[in-house]
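Hi everyone, thanks for making time.

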Amino acid sequence: MSGKNPAFQFYPNDYFRDTRVLTPEARGIWMDVLCVLWWTDPFVRKKTLPTGDWARLLSVSGSEFERSISEFERHNICNVSRDSHGDVTLMSRRMLS
């Protein structure tokens, strides 16, 4: 972590506008996902984990996580992909730009 910026830019207007379509549960999970993605490679800003690991990392149940990523996909909040092993990759387009 040394040499890494201790914070990321946050634009309240963008966050508010982008997440109004989400349930409060999904908005909270999205904020935690943003923090997790901040800790990843700054040129990638994506993370791949099994669903259960995502749920543990975000301190939610597997069903809460699944409901939220379904909302992320439906409302185009982030890139969501699943591989043949059931791993889920989340990527923030805004963090990359």
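Predicted model: local features only at pLDDT ≥ 70, side-chain atom pairs only at ≥ 80, totals over all residues.

Now, which residues of α4 are buried? They are F65, S68, I69, E71 and F72. They cover an arc of only 155 degrees around the axis, so they sit on the same side of α4. As a reminder, an α-helix has 3.6 residues a turn, so residues three or four places apart point the same way.

And what do those buried residues pack against? Their partners are α2 (24-38), α3 (51-58), β2 (79-82) and β3 (87-91). After α4 comes N76, with a positive phi, near 55 degrees.

Okay, over to α2. This helix has 15 residues and reaches 21 Å from its first C-alpha to its last, close to the 21 Å expected. Its buried residues include W30, V33 and L37, and the buried set packs against α1 (12-19), β1 (46-50), α3, α4, β3 and α5 (93-96).

That brings us to the largest nonpolar core, which has 24 residues. W30, V33, W54, L58, F65, F72 and L90 touch the most other members. Two or more residues each come from α2, α3, α4 and β3, and α2 gives the most, with eight.

Last stop, L90. Leaving aside neighbours within four places in sequence, L90 is in contact with residues including V33, L37, W54, F65 and I69.

Note on methods
Residues numbered from 1 in each chain as written. Heavy atoms only, no water. Buried < 20%, exposed > 50% of the residue type's maximum accessible area, 1.4 Å probe, protein only. Helix = DSSP H or I, 4+ residues; strand = E, 2+ residues; numbered from the N terminus. Arc of directions from axis to C-beta. Contact = heavy atoms within 4.5 Å. Core = buried A, V, L, I, M, F, W, Y, C linked by side-chain atoms within 4.5 Å. Expected span 1.5 Å × (residues − 1).
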